[in-house]
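Dear colleague,

Please find below the sequence and the structure that I am handing over to you. My notes on what was found follow directly after them.

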Amino acid sequence: MLKTRGFGEQDESKAGAGDLYDHLDKARAGEMIGSPHLGASPASFEGDSSQAGDPLPRLRPGYGDGSGWTSDRSFEGAAASDWVLPVGNLRSGDAIREGGQALHSGQPVERSADAIAESENAPAPEMGIHHLLVVDDDEPVRNACCEIARQMGFAVHSAESVPAAREVLKFQPADLLLLDLKLPGGGGLLLLEEIRAIHPETVVMVMTAFATVSSAVEAMRIGAADYLTKPFALTELRNTLLRAAKRRQYDVASRHLREKLRSQKGDGHIIGNSPEMEKLYRILAKVAFSTHPVLILGESGTGKEMVARTIHFNGHNARKPFVPVDCGSLVPTLIESELFGHVKGAFTGANRSKEGLLASAEGGTVFLDEIGELPLDLQAKLLRALQEKEVRPVGSTQAVPISARVLAATNRDLLAMVEQGQFRKDLYFRLNVVNLKIPPLRQRKEDIPVLAEHFLERKRKETGRSLILSDEALRWMIEFPWPGNVRELEHAIERACALSSGPVLHMGDLPTQLQDFQMNARQSLIDQRERQIQAQTAVASLPDQSQGAYQGPAANDTSLTLMENGERIISIAELEKQAILNTIRQLHGDKLMAAKLLQIGKTTLYRKLKEYGIAEGAEGVQ
Ligand SMILES: Nc1ncnc2c1ncn2[C@@H]1O[C@H](COP(=O)(O)OP(=O)(O)OP(=O)(O)O)[C@@H](O)[C@H]1O
């Protein structure tokens with residue numbers, strides 16, 4: 001049976017919905033959901049104006065036909081569960097069917113997207129449909145929470161116990177879970193742990209009684225995002241649900257962005273799949289959706305500006321301007337007027353007023369590159385501008401509001417500059433709300449082949465030539481430390497493409513620093529090999545070891561360990577002693593040559609001999 005009712009109508013259906021109406025009506029009258037004594041006055045919450053002054057929820061005037069809601073719902077397999085199909089995520093004028101497959105009984109009813117968007121409590125339409133599961137054995141509380149959530153635009157499901165909740169979750173994973181911690185058939189904490197393991201992305205809010213606040217703390221430790229203490233006001237419930245929905249939306253959006261960053265190819269996109277870059281994508285995907293300042297750190301050419309652009313063009317203000325400011329290349333006398341603007345006549349040559357770069361970003365992003373180069377006096381002015389969100393153009397008495405997000409970058413050690421008094425500490429903390437470190441290319445060598453291929457592909461497209469790197473060239477590119485990072489690699493490929501006459505790019509086509517690096521590396525290998533051969537030849541040309549050679553420690557020597565199987569374990573110190581004494585003997589006492597062949601200093605050799613108690617002039621070692 002389908003029962004409908006519009007808010008404010010007197011209730012021929014009230015008997016069917018039972019306590020829900022009592023609960024909602026009383027809650028609307030300023031009482032608390034979950035109160036054990038519903039007649040209690042909200043005065044007990046004095047001091048919390050948000051609760052005491054809780055505005056009544058504005059229920060939409062019915063669904064489509066102006067009526068109320070469906071009741072009498074159940075879902076096959078989920079006893080006492082309450083299902084309502086999606087709302088939200090609609091464009092103006094859209095209509096949706098409520099009920100659909102999941103409703104066991106009753107006709108689907110429609111309501112317009114406009115009606116939903118109208119509701120001040122509904123999550124923003126772009127937030128999408130959120131499936132909320134309410135789990136509480138207290139039916140009036142459960143129903144009241146479901147109703148409020150439904151009005152806010154959630155797709156609501158409910159269960160009165162842990163087993164019933166598990167049944168619901170089999171069919172519909174929850175985006176959000178509102179969970180009473182005190183439940184029959186196993187506590188809410190158990191379900192919370194299960195959810196964290198199976199659906200870690202579900203945002204969980206727990207409900208507790210005053211007496212069990214410690215379990216809420218435990219729940220937060222396990223991973224609940226928020227908690228409500230019973231009894232709670234409508235406003236609290238709505239705010240908690242909204243926060244959770246936003247959090248969920250944020251999590252989903254950052255996960256998508258991370259995937260996008262990982263898989264994107266082509267010009268203008270960050271390339272690289274090393275673990276270091278994966279870490280960078282993870283943080284980048286989070287900061288893109290916030291408005292906090294971000295400090296981007298990394299050596300020259302690591303891609304700091306590219307990262308700043310990626311943050312801006314994937315964030316909420318992507319359509320607003322992105323204004324890069326190179327603090328290092330601005331003429332010192334002009335920096336102030338560039339950043340903050342000036343009025344006509346402010347200084348010689350100021351023939352007209354000019355808007356500053358900070359104001360021109362208008363809700364977009366200002367990227368302060370090489371922030372470490374900003375003179376100290378301007379650091380103070382920038383700090384003031386960021387704190388007060390306004391700038392005063394040079395020569396003006398009027399402040400101009402600024403609304404841009406600030407991203408800053410540097411290849412310098414700002415903290416060391418702070419310690420040396422070259423950079424303001426307060427500005428450093430202002431800019432460094434979040435910091436993103438881009439590792440140098442030599443610390444993520446896995447990215448070199450993919451980056452090289454990326455730049456080659458660009459050249460192939462530009463020139464129509466088929467171009468590939470020889471194995472040798474690629475091998476040395478991977479070895480090379482790239483002090484100029486990705487920019488240097490990009491230029492190396494460009495140069496090689498320009499110089500090579502055929503499709504294969506060889507070592508000879510790469511820049512001289514790479515060729516020099518290859519030559520030096522080869523030379524040091526040759527030198528090392530030669531030293532080894534010399535040493536071997538010297539030893540081989542000496543008399544047989546048995547002739548007066550040091551024979552090692554005596555059996556009773558403490559440097560010896562005799563194993564059970566009779567094998568002797570010789571200590572490192574003893575091995576060293578053997579090597580030194582044998583070499584000197586083989587060289588007929590030539591200690592200088594011995595030190596050279598053993599690759600130790602002469603003084604070390606004499607010190608060792610002294611330690612061994614071998615006096616100058618002893619046979620064979622003088
Ligand atoms: N991960 C990357 N994927 C593709 N191209 C990259 C990457 N990192 C850097 N680049 C390219 O390298 C060049 C230098 O990048 P960018 O200007 O962002 O570096 P930077 O760290 O800001 O340098 P500087 O400190 O010198 O200003 C650009 O052409 C950019 O496109």
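Helix H22, residues 591-598, has Ala594, Ala595 and Leu597 as its buried residues. Viewed down the axis of H22, these buried residues fall within an arc of 170 degrees, so they line one face of the helix. Please bear in mind that the model is a predicted one.

The loops on either side of H22 deserve a look at the backbone. His588 lies in the loop between helix H21 (572-586) and H22, and its phi is near 55 degrees, a positive value in a residue other than glycine. His588 is partly exposed, with 13 other C-beta atoms within 10 Å. Just after H22 comes Gln599, with a positive phi of about 60 degrees; this residue is not a glycine either. Gln599 sits in the loop between H22 and H23 and counts as exposed, because it has 8 C-beta neighbours inside 10 Å, where 12 or fewer is the criterion. For context, most residues other than glycine have a negative phi, and most peptide bonds are trans. An exception to the latter is the bond from Lys230 to Pro231, which is cis with omega near -5 degrees. Pro231 belongs to the loop between strand E8 (226-230) and helix H9 (234-263).

Helix H23 (residues 602-611) contains Tyr606, which is partly exposed with 13 other C-beta atoms within 10 Å. Tyr606 and Lys591 are 15 residues apart in sequence, and their C-alpha atoms are 8.5 Å apart in space.

The spacing is in keeping with a general rule: an α-helix has 3.6 residues a turn, so residues three or four places apart point the same way.

Strand E6 (residues 176-180) includes Asp180, which an unreviewed UniProt entry annotates as "modified residue: 4-aspartylphosphate". Is Asp180 buried or exposed? Asp180 counts as buried, because it has 24 C-beta neighbours inside 10 Å and the threshold is 20 or more. Apart from neighbours within four places in sequence, Asp180 is in contact with Val135, Asp136, Asp137, Gly188 and Met207.

The ligand is surrounded by 17 residues, of which the closest are Ile271, Gly303, Lys304, Glu305 and Val486. By class, this shell has 5 nonpolar, 7 polar and 5 charged residues. Helix H11 (304-313) and helix H19 (485-499) each supply at least two of the shell residues. Domain 2 (264-439) and domain 3 (442-518) both contribute to the shell, so the ligand lies between them.

Finally, some totals for the chain. The secondary structure comes to 23 helices and 21 strands, and buried residues make up 34% of the 622 residues. Among contacts between residues at least 6 apart in sequence, 68% join residues at least 24 apart.

With kind regards

Definitions and conventions:
Residues numbered from 1 in each chain as written. Predicted model: local features only at pLDDT ≥ 70, side-chain atom pairs only at ≥ 80, totals over all residues. UniProt positions renumbered as here; feature names shortened; annotations may be inferred. Helix = DSSP H or I, 4+ residues; strand = E, 2+ residues; numbered from the N terminus. Contact = placed C-beta atoms within 7 Å. Near = placed C-beta within 6 Å. Nonpolar A, V, L, I, M, F, W, Y, C, P; charged D, E, K, R; others polar. Domains from an automatic or database assignment. Arc of directions from axis to C-beta.
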